[in-house]
Every structure is written in structure tokens, then in C-alpha cells.
Amino acid sequence: MDYNETVNKVMVLLKEKEVCLSSRKSHKDCYETLGLYIKQKGVGYSDAVRDEWFSDMKNELPRQRLAVWIQYVYQLEEMDATGKVSDRRLYLNVSNYDKLTVPWKQDLDMYLDDCSCRYTVRTAELTRIYCSAGLLYLEDIGAHCIADITYDVILKLMVSKMYCTDDTRTLILNNTARMVRFYGNKGLCPESYSLVFKCQVYPHIGSIPDFSVENQKYLGDVREAVMSADEFYQSVPAFIRLLESHGYVGTTIKLARHSLTALYLFLDIHSLGFRQDIMWIWFAEIRKTMGSSWLHWRRVLKFYEDYIQSGDIHSDGKYKYAPTMFDELPAWCREAISELLDQKRREFRDEGTIRSYRCSCTRFCRFLIGHGYENFSQLSPAVIKAFATHDKHASFQGRAGCFVAVRAFLRYLDEKGYTGTHDLDKCLMPGSAPTDKIIDVLSDEQIERIHLFRAGNKYHSPTELRDIAIVLLGLKMGLRACDILALRFQDIDWKKRQISIVMKKTKTQITLPMPVDTGNAIYSYITIGRPKTTTDYIFVRSKAPYGKLTGKICTKALYRILPERKDVKGGGFHVTRRTFATNLLRNHAGIDDVMDALGHRDPTSVMQYLLLDDERSRKCGLSMDCVGISPEGGLA
């Protein structure tokens, strides 16, 4: 802005409009004071300089004069931006209400009559002032009564420059929104119009003309929808109640309302119905408006996607967003792999094993596609050997594990008639040979620290109560992490002090006595540390959604009590089960007793624990003479 030139234009306009001499003098005083401030600062006119000057003038001018001078400054900005100053901004001695046309006055009067029974005199007067200002802006856009309001009109109002402070702009928009909502409730305009005014919603609505060409074309070709925009918006309250039932509060609930309201307005403005693909296209296009909170938005939308598909959300809190390599395979590969995985599930294979099979088979199929294969009937020993030669892994064990899954896949393809050549699985080398390792167990000092952790602090946090209960179940009862996390209330018989479960890995039903300290730790967690939730799993997430725990939470619990275990290779939670079995052996328990306590079916799986029974291992020692070794120099 050329400050002096713009001031001269305004002063000339005031004279042309025959504004009174006192008002022109007041304008001149304002502009001279601001001009002197700018000169002292040694900078040009800017919004920042203007706001600094406003702040300084608050302490020097009476409130009423300051309000008038602020309007004078915005007249300058309007002149600089448009080359003129509108009459409604120029004549400040005439109220905005008096500047309204008759239709708008009638609409505003009806709204104010309704407000009069709820508002004080001062609040009603402020409502009239700010609504009048908002209606004047609507009139500039081309809306001359409530019936003229459309989405297009409101969107133009939201982006228009009002030449006022941010606080005043907010008050104008909020009061105008309430008036629009009032007439929406009366059926004189859609109720959704008032939602556009929300400052948390408007920036994220999005506009199709601003989308990528590809997405514009896709949305232009959409015909069928899962539900209409109105049906979608009507489902939001039930979805919010579901989130609350899972323990969500505060930010997540507010964000769910804001994000789904923005999506509804996008659908309604562009006459689209709800579809999941439309929702994700919209999210991808408006993601730049969300800043660092886009991850939270994505999670909320994923919750809603689950809700419309199943009526609930996944309480384990894990979601897949980007397509995997398996998803990108052609149909002939995905179908065969999916059939094999279904078979493995019917064999009660763990989900970790299923993922391993899917990953290995995907690697194999990607290799085939890279070599021009279009179906499995083209398979030959040559391509199997080529895969074995070129497939890279970080370790021999990883390579062997991959080949185990691929051999199973090749056998399945042979059995189902996908291939014309039999016994292709024999082209891959067998797995790695079994190895014996020195078994790692907790030391007596570490076991003592676990007990001190439980007894040493009377006021444990909920997470600490959960940690000690989980660790004691592994240490005192030998339960695997998967069985601990799957433990339910009905599995514990408190009177008999025992736990009965079907072990996830072996499908063996087992009943174990529950030590007193373990039972007390579980009870403390349930009564003090466990969040209130309807799930019957004993151990649940400490934050919403309060569902079953997953992943390495048991290992993390052990690490929080014994931090040094993080540096031990293979030092995960299973060490508690090995320590439990080892202590049984050291206390002279028989192999059958250890098998029963661990839920094992095969005695060979228990033999590894014998390596740590130092006392009985010494009895198995052989003299050097027995093996034909003569010590040099004699025995010391």
C-alpha cells in the first residue's frame, strides 16, 4: 500500500460524499497519527504494523474513539484493495441495522424476537449489531433475504475480506450462523447451511475444482452410493456414542464430529452420496489443511469405515492404510495364496505364522511376475531353482523359513491342479538344521527385583499394576504371552485359586494352581488399575479403545521392571516361561510334572530346560579316561 496516496484518495472521497467537516477532521487526525507511527518505525504499512498500532492506541484513546479510528483504518484498506469505500462502511453515524434492506430487517426482527426471551438487553443489542454486519456482507454477495442464501453464498462470505479485526470477524460469523440455524429449524433454509460457519470445519470442507484432475474425473463418474449425504450425517450421533462407549473422550470425540461434519458438507455441497472411496479421496485432497493432526483424522475415518461395515470398531487399535505388496499382486496370485492361508487358519496356525506364509508366497509370486509369468501352469524346476538362487535374506534362518512356506505353497498348487509339473517343492533346499542353544533364564537377583517392584511401592500406576500381574503370570505359572493376553474373567476360579485355559499354541486345556502373590497382583490390577470397560479380557489397553492387548506388551512390561533385559539377545518375555520350567527342574520335579505344568505333549520339548539344571547336570559328567583322553602333565 502507498500509504499517503491511499489517504489522499479517502479524503477526496469523503469530500465528494459530503461527509461532515468534523468527521473529515477525525479521519485526518487518525491517518496523521498512524502515518507518524509508520515513519517512526521506518517500515511500510502492513497488517502487523496496523495491529501493533491498534495495541498501542488502546492505552491512549478512549474506547469509543479507538473503535471509530479502527474503522477509519479499514476504510484505507478497502480503498487500497477495491479502489472505493462502500457507503455502509463510510457513514459510521448510521447503524448497520439502518443500512439493511426491508426484507433483511424483517428476517432479523423475527430472529431477535425469538432471542429476546433468552438474552439480556445488552446481549440482544450486540446480536443485532453483529447480525446486521453479517447480513450487509451477504447483501453485497447478492443475497437479499433468507431465501436467497445458498452454499455458494455462504462460501463466498467465508472467504470475503471484511476489513475488521479477527475477533470482530468471528463475532459476525458466529451470530450470522445462529440466525441461519434459526431459520433452518423453521424450514426456511437447509439446517446444514449454519454448519459451514464453524471455524473448525470450514477449512476442511474441500472443493472438487481444486482436486487433482484424476480425482475430479473419478468423482464425476460416480453414480451409486452406499447412502445419501443426509443418511450419512444422521449416522454420526450413533457413531459418536459408540466411540464414547469404547472410552474415547475429549479430543477424539470433537475431532470425530468436526471431520464427519466437514465430509458431510463436502458431499452435500457437491451433490454426492457417501462411499468409502469418496471419503478417502476427499481425505487425501484436504490432508494439507490438517497440519500434523492428519494421522488422528485418518484414524477417526478408519473407525467410521469399520462402523458402517460391522457396526463396531476394532478395539485392538491396529489398522492397515497403505496397500501391501500382497494387495498389489494380480488376481491369479492373490486367489491361490488366500486359499493356502485359509487352509492354514483351519489348521489353527497363529496369525504370525499366517503373515509369514503370506509374505514368503508374495515374494515368490513377485519373482514369477518379474520373469514374465502369467499363471502357475508355467512353473518349472528351472524357475524354482532361479528363485532359490536370487532370493536374498539377512540370515540363513530367514532364508530357510521363507523356503518352508514356499514349499508348502508349491505342494498346495500341485494338490489343487494349478501346476502341470509334480513335486516342484523338492527343488528347494530343506530348512536349517536344528541347533541347541544355552537357555537364558532370569537370575535369582532379577527374580528378587521383580518381587521388590511389586512390594516396594504401595501406590503403583495402572500400567505398573498391569505390568507386575503379567510378569508374575509368566514367572510363577509359566504362561505364554499370548495366553496371558487372552485371559478372561471366567478362566479364573478365585475360590479354588486356579486358572483354566486352552493354550493358544497347542490347543491343550490346562489347569494350573494360582500362587497367592500372583492372584493378589491380578486382583489389584482389576480393582485399581483396570479401566472400566465391558470386555471380558482381564488385561486391556490403558487408553481408549479399551480392548484386548496385542503385540509385545508383555515383553515391554518385563523391560519396564528389568531394563537391562533390552540388551539381551532374544531376551523377550518367554524368558519367564523358561525360568519357571527351570525352577521346577531345580526343585527336583520330574519330566512329566514339568510337561504338565507347561502344557507340553512331547517330552523332547522339555529337554532343553535340563541344560540349566546345574546340580543334576554335574552328575552326568564323564571322566576323561572314559572318553580316552589322557591329561598332559598329570592332574593338578
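## Close-up views of a predicted model

**View 1. E2 and E3, two antiparallel strands.** Strands E2 and E3 run antiparallel and are joined by five bridges. Strands here are DSSP runs (E, at least two residues), helices are DSSP runs of H or I with at least four residues, and both are numbered from the N terminus; two strands pair if DSSP finds at least two bridges between them. Across this pairing, Ile-501 has Ile-510 of E3 as its bridge partner. The two strands form a hairpin with six residues between them, and Lys-507 in the turn has a positive phi of about 60 degrees. This is a predicted model, in which local features need pLDDT of at least 70 and side-chain atom pairs count only at pLDDT 80 or more, while totals for chains, interfaces and linings use all residues. Residues are numbered from 1 along each chain as its sequence is written, and side-chain values use heavy atoms, leaving out hydrogens and water.

**View 2. The open sheet of three strands.** Here the order is E1-E2-E3, with antiparallel pairing. E1 (492-493) and E3 (509-513) are the edge strands, each pairing on one side only. E1 pairs with E2 (residues 498-502) over two bridges, and Asp-493 has Gln-498 of E2 as its bridge partner. Four residues lie between the strands in the hairpin of E1 and E2, where Arg-497 takes a positive phi near 55 degrees. Take a look at the alternating side chains of E2: Ile-499 and Ile-501 point to one face and are buried (under 20% relative accessible area with a 1.4 Å probe, protein chains only).

**View 3. Helix H12 crossing helix H15.** The axes of H12 (residues 229-245) and H15 (residues 294-310) come within 11 Å and cross at roughly 105 degrees; axes are lines fitted to C-alpha atoms over the stretch in contact, with angles running from 0 to 180 degrees between N-to-C directions. H12 is therefore roughly perpendicular to H15 (65 to 115 degrees). Contact, meaning heavy atoms within 4.5 Å, involves residues including Phe-232 and Phe-239 of H12 and Phe-303 and Tyr-307 of H15.

**View 4. Thr-252 in helix H13.** Thr-252 sits in H13 (residues 251-269) and counts as buried because its relative accessibility is 12%. Leaving aside neighbours within four places in sequence, Thr-252 is in contact with His-296 and Val-300. The side chains of Thr-252 and His-296 are joined by a polar contact of 3.2 Å.

Definitions and conventions
Buried means under 20% relative accessible area, exposed over 50%, partly exposed in between (1.4 Å probe, protein chains only). A polar contact is a pair of N or O atoms within 3.5 Å; within protein, one must be able to donate a hydrogen and the other to accept it, and residues adjacent in sequence count only if both atoms are side-chain atoms. Angles under 35 degrees count as roughly parallel, over 145 as roughly antiparallel, 65 to 115 as roughly perpendicular and the rest as oblique.
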